[in-house]
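Biologist: I'd like to learn how to read a structure like this one, feature by feature. Could you walk me through it?

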Amino acid sequence: MHEMDWTMSRLCSLLLILAVTSSHNNSFIVAKGDACDESTSTCEPSEIYVGDENMSSTWEFMNAFSKLGTSWNHVIGEYISVVQGADGKEMNGDSYATEVDEALKMLHIMVKDSAATSDEDWSFSTTPLNDFGKTIDDILLAFIRWSMVDNYHDNPEDGNSCTLIGGINHPPSETEKINVSKAFRRLTAYQHWMQSVSPDLQDPPLTFQSIKSTLSIFSLHVSHDECERLVWFVNLGKTDLANLKSQSPRETTRMFVWIAHLLFLDEKAQTKGLIVVDDMADIGFWDYMTMLPIQVGISVDRFLISVTPLKAKNVVLMHRPKWAEIGYSLLSWFLTKKMKNRVTMVEKGQENDMMMKVVGGAKFIPIDFSDVEGLISKDIIAQHY
């Protein structure tokens, strides 16, 4: 079974790419009445040519990107390049194991051989292991379990079940083997990416305390649902966009890297699955498009989708603005039927009923998430305070 990926899943990744591939250059929104500072080449627009209120067609949506200094074709190209490596590939000559313990030993040997025959740094010195009480074995195990997910069954016979939307992962059968080479390729991509941003992660070391102030700008929550799956709640409506845009790329990157490790080091996320619930809060087109600097957005997007061992069972979108619905209708041409089934669209007025089917009800939802009923007062992130 080919699961739908995280970061953010295929739909969320496109929406993020839509934002990051067209931001970091504010000249595209110069309009009538703009007040511009020629010494800094910045402007404060008083009128936007294309806005949410009149973006009612596919043509208007696609044409809007020309005013963002890019094009729809470029956006799609970026999308495809990011998700190409999302699932990993089976290759001739791959090494397989029959049990997890055997796979872990084989992966250790692959890392050791790589360290001995190349200049690769396999110290995991920038990975926030201490902050999560984890070891290098835990990192390797996460990638082994990721490589196993494609073998999980839609209709298991192991006695485990989950009636929530998306279901849960199930262990492979005794006849199915674990592709350790596939896990190693993904682990190598992770190691390369972490090294590429290592200057941003070293001073100070990546810890919760070091990213706490940046994290407070966002409205992010993490909990487990009724089926013990990990759920990542993202609430754009409660994100401090003004402060977010003033953050340095370094600090934003550090925060996302810490969150990604929180997610993929969670044992239930690895064994049961990950759910992403995104309340878009009817966010405006231009606010969304200028949310993150381009270098941060593309880098983080690749990290979450093509590098980390994260795969999602379901992605839930609430309070979608019109432009996002248009974007999804275009994206749907690139999604298989199975991928589309991994996306749940929540209609207005159906939030509480749908969240019962998605996570199991209020006792699995943070109190201050969106306008749905929630009872969790201290989620997994808050436990680090």
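Modeller: Start with the rule for sheets: two strands pair if DSSP finds at least two bridges between them. This is a predicted model, by the way. Here five strands form an open sheet, ordered β5-β6-β7-β8-β9, with mixed pairing.

Biologist: Which strands stand at the edges, and why is one side of each left without a neighbour?

Modeller: Those are β5 (220-224) and β9 (343-346); each has a single partner strand, so one side of each has no neighbour in the sheet. From one strand to the next, the twist averages 15°.

Biologist: In which sense do β5 and β6 pair?

Modeller: Antiparallel, over five bridges, with β6 covering residues 230-235.

Biologist: How many residues of β8 are buried?

Modeller: Buried means under 20% relative accessible area. In strand β8 (residues 312-318), seven of its seven residues are buried.

Biologist: Next, helices. How many residues does α7 have, and what span does it reach?

Modeller: Helix α7 (residues 180-196) has 17 residues and reaches 24 Å from first C-alpha to last, close to the 24 Å expected at 1.5 Å a residue. Twelve of the 17 residues are buried, so α7 is largely enclosed by the rest of the structure. Among them are Phe-184, Arg-186, Tyr-190 and Trp-193. Check the start of α7 too: a side-chain oxygen of Asn-179 comes to within 3.2 Å of the backbone nitrogen of Ser-181.

Biologist: What about backbone angles?

Modeller: The background is simple: most residues other than glycine have a negative phi, and most peptide bonds are trans. Now the exceptions. Phe-124 has phi near 55°, a positive value in a residue other than glycine. Phe-124 sits in the loop between α4 (100-117) and α5 (129-132), and at 9% relative accessibility it counts as buried.

Biologist: Where does Ser-370 lie, and is it buried or exposed?

Modeller: Ser-370 is in the segment after α17 (351-358). Its relative accessibility is 15%, so it counts as buried. Phi of Ser-370 is also positive, near 55°.

Biologist: Which residues does a cis peptide bond join?

Modeller: Asp-203 and Pro-204, with omega about 0°. Pro-204 lies in the loop between α8 (198-202) and α9 (208-215).

Biologist: Last one: how do I read aromatic pairs?

Modeller: A pair of aromatic rings is described by the distance of the centres and the angle of the planes. The count here comes to 13 aromatic pairs. Take Phe-132 and Trp-258: they form a tilted pair, 5.1 Å centre to centre, with 35° between the planes. That pair links distant parts of the chain, with Phe-132 in helix α5 and Trp-258 in helix α11, 126 residues apart. Both Phe-132 and Trp-258 are buried.

Biologist: Which residues do ring pairs link into a cluster?

Modeller: Phe-143, Tyr-190, Trp-193, Phe-264 and Phe-303. Tyr-190 and Trp-193 already came up as buried residues of α7.

Methods. Residues are numbered from 1 along each chain as its sequence is written. This is a predicted model: local features need pLDDT of at least 70, side-chain atom pairs count only at pLDDT 80 or more; totals for chains, interfaces and linings use all residues. Side-chain values use heavy atoms; hydrogens and water are left out. Helices (H or I, at least four residues) and strands (E, at least two) are DSSP runs, numbered from the N terminus. Axes are lines fitted to C-alpha atoms, for helices over the stretch in contact, and angles run from 0 to 180 degrees between N-to-C directions. Buried means under 20% relative accessible area, exposed over 50%, partly exposed in between (1.4 Å probe, protein chains only). The expected span of a helix is 1.5 Å times one less than its number of residues. A polar contact is a pair of N or O atoms within 3.5 Å; within protein, one must be able to donate a hydrogen and the other to accept it, and residues adjacent in sequence count only if both atoms are side-chain atoms. Rings of Phe, Tyr and Trp (its six-membered ring) pair if their centres lie within 6.5 Å; planes under 30 degrees apart count as stacked, over 60 as edge-to-face and the rest as tilted.
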